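Subject: A structure for you to look through

Hi,

Here is the structure I promised to pass on to you. Please open it next to this email, and then read on for what turned up in it.

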Amino acid sequence: MTTAAHRPDDTILYLDAISVSFDGFKALDGLSFYVRRGELRAIIGPNGAGKTTMMDVVTGKTHPDIGQVIFADRVDLTRLDEARIANLGIGRKFQKPTVFETQTVFDNLELALAGDRGLWAALFFRLDPAQRQRIDQVLETVRLTDHRHRLAGHLSHGQKQWLEIGMLLMQNPQLLLVDEPVAGMTDEETQRTAQMLKEIARSRSVVVVEHDMAFVKSLDCRVTVLHEGAVLAEGSLATIQANERVIEVYLGR
Amino acid sequence: MTTRHHLPGFLTGDRGGLVLLTLVLGAALLVPAGNLLLAESHPLHVPTYLVGLLGKYLAFALLALAVDLIWGFAGILSLGHGAFFALGGYAMGMYLMRQIGARGVYGHPVLPDFMVFLDWQQLPWYWYGFDLFPVALLMVFLVPGALALVFGWFAFRSRVSGVYLSIITQAMTYALLLAFFRNDMGFGGNNGLTDFKDLLGFDLQADATRAALFSATALALAGGYLLCRFITASKLGRVLRAIRDAESRTRFLGYRVEHYKLFVFVVSAMLAGLAGALYVPQVGIINPGEFSPANSIEIIIWVAVGGRGTLFGAVLGALLVNYGKTWFTGALPEAWLYLLGGLFIGVTLFLPRGVVGLLVGRRRDLEGSP
Ligand SMILES: Nc1ncnc2c1ncn2[C@@H]1O[C@H](COP(=O)(O)OP(=O)(O)OP(=O)(O)O)[C@@H](O)[C@H]1O
Ligand SMILES: [Mg+2]
């Protein structure tokens, strides 16, 4: 149905004919697309198009009925669990910001810090100067340096979103999935977030799901439109906005 | 703050814990001294019955600590922790039974009285080795630990959590209650194990033995506190709180949530087992009633009253509620259960952080919700 099968060699993520159904309802219906290494990709689509479900499949929360998800040209993710996939180098930001509310901003970042996730490593863990520096760096990037000792639960909505992005950076993933990062943000925060994601995408691949068109525009990247669990169109924002079918199902509602 | 540099890192800033350790270790010395060294007429003399009562409270406090470790920090609401306590108690009880030797009513050199009464000819295989204290002590940890490992493995791997986990822990303790009631299980049926004579050769009725048991319980409580504090103050403790507050987020960070839960669940079950083992020689009996689901629920109330997720709050809660229980069951026995229920509802509604929350106010360094 799509041309995703002719994928280039530098593919980091390749979804191949993924279908997921919930009680007979097909949330994803033969979804295929690929993301290149170092690419920043925006995914748009009306409510219920299957964007979050797509992320659930990639991160191991949902196992598809059929289809494969190939990561870094090697591993099929569809049989692995969340922790395994995270440790392969895939980070995820949820649609609803989820940070550890009863812990400080600093501790949230420390928890996300890349490294051994085993029990003993955690029991005898000590932060070394390089790691401390890395946390400081990320605090700077997500503009939370002054809030490092506050409880995450006391942050504003926008700051929580940033903290979660910061946690993803701490994980140092090769691929980052970001679900609606600017929902509920002010215009200024939205612009700042676009900036942040573009910076982040310089050294890794990032897939962003978003409704906010102004935000997608400022990301200035390739856009994939999902509709009813499959790819409806793909290309630059300008081509997408000119696409008849997209206008019909989505933009011209 | 600056004067505390000589403390190990995991105790830095833990004021409540330091107060607790000081009191408990002080009691480990002073209570036996007040009992053994001061004349009965002395105003500070500690009567023997009180030594036993306080020892029982401290064993309960250790049990509360074990529950707080999993409930307060990892969000695992076990309503079956009484089972681990009882299993530790039975392991100790089996040792004490074998210590009786030929001094039982029937005078059988090996078989405990209840087995002679049931006309059994030989000791069941699972009673072997319990005549040796080191073996029994090992079992005090091993049996509850193994049950917790198997139970937790299945529960956490299939991601049973919340209310469902609470329900199956209740079912677990209830199943054990029924099993231990049966005579053919070989644990003395509904009478349980009792009529103990001595422990390591020391007469259990002697004041010195009772005082030593009290001190041992106090030391175990202090040790249990240090262990729990070490765990919860480490990064592992922060991972546990992350699991408690946002389990699936923690998974997406790459942590194997089930391993973490299993680890604290087993540690907690072993501490509960130790508490049971210290409890039994001080009260002189262990019977299936210790497995009753209501007992396990009571532990939760102790922790909630003291203040969940603070460790020392759990100890405080266990002491307060059990003191209240002793007092009330003397004065108004019928009212106690209603009072306990009322207390739980009251604390849940008005004191979500328990008595500790009242004492410490809204201080930030407590781990409760903001
Ligand atoms: N666990 C589930 N059980 C049943 N149906 C589900 C489940 N998860 C998602 N769905 C359904 O699948 C469809 C796709 O949902 P999904 O959350 O992926 O959409 P989305 O594109 O992220 O939408 P939105 O823009 O609103 O976030 C929806 O119709 C939703 O109701
Ligand atoms: Mg969504």
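Let's start with the overall picture. Chain A has 10 helices and 10 strands. Its radius of gyration is 18 Å, close to the 18 Å that the globule rule gives for 253 residues, so chain A is as compact as a globular protein of that length. Please keep in mind that this is a predicted model. Along the principal axes, the C-alpha atoms of chain A fill a box of roughly 55 × 40 × 35 Å. Of the 253 residues in the chain, 57% are buried.

Now turn to ligand 1. Which residues come nearest to ligand 1? Out of 13 residues around it, they are A:Asn47, A:Lys51, A:Thr52, A:Thr53 and A:His211. A polar atom in the side chain of A:Asn47 is 2.8 Å from an oxygen atom of ligand 1. For A:Lys51, an N or O atom of the side chain also lies 2.8 Å from an oxygen atom of the ligand. In the case of A:Thr53, a side-chain N or O atom is 2.5 Å from an oxygen atom of ligand 1. On its own, ligand 1 exposes 630 Å², and the protein buries 63% of that.

Where does the shell around ligand 1 come from? Strand 2 (25-36) and helix 1 (51-58) of chain A are the elements that give two or more residues to it. Helix 1 supplies the largest share, with 3 residues. Sorted by class, the shell holds 7 polar, 4 nonpolar and 2 charged residues.

How many of its 8 residues are buried? The count is 7, which leaves the helix mostly covered. Those buried residues are A:Lys51, A:Thr53, A:Met54, A:Met55, A:Asp56, A:Val57 and A:Val58. A:Thr52, by contrast, counts as partly exposed, with a relative accessibility of 27%; the cut-off for buried is under 20%. Just after the helix, A:Gly60 has a positive phi of about 85 degrees.

A:Thr52 comes up again at the magnesium ion, which is ligand 2. The protein donors there are OG1 of A:Thr52 and OE1 of A:Gln95, at 1.9 to 2.3 Å from the ion. A:Thr52 belongs to helix 1, whereas A:Gln95 sits in the loop between strand 6 (90-93) and helix 3 (105-112) of chain A, so the pair ties together parts that are 43 residues apart in sequence. A:Gln95 is partly exposed too, at 35% relative accessible area.

Finally, have a look at two backbone angles. A:Arg143 has a phi near 55 degrees, a positive value in a residue other than glycine. You will find A:Arg143 in the loop between helix 5 (129-141) and helix 6 (157-171) of chain A, and it is partly exposed at 38% relative accessible area. A:Asn172 is not a glycine either, yet its phi is positive, at about 55 degrees. This residue lies in the loop between helix 6 and strand 7 (175-179) of chain A, and with a relative accessibility of 47%, A:Asn172 counts as partly exposed.

Enjoy exploring, and write back with any questions!

Best wishes

Notes:
Residues numbered from 1 in each chain as written. Chains lettered and ligands numbered in written order. Predicted model: local features only at pLDDT ≥ 70, side-chain atom pairs only at ≥ 80, totals over all residues. Heavy atoms only, no water. Near = heavy atom within 4 Å. Polar contact = N/O pair within 3.5 Å; in protein donor to acceptor, adjacent residues only side chain to side chain. Areas by Shrake-Rupley, 256 points an atom, 1.4 Å probe, with all protein chains shown as cover. Helix = DSSP H or I, 4+ residues; strand = E, 2+ residues; numbered from the N terminus. Nonpolar A, V, L, I, M, F, W, Y, C, P; charged D, E, K, R; others polar. Donors = N, O, S within 2.8 Å, 3.2 Å for Na, K, Ca; no water. Buried < 20%, exposed > 50% of the residue type's maximum accessible area, 1.4 Å probe, protein only. Rg over C-alpha atoms; globule rule 2.2 N^0.38 Å.
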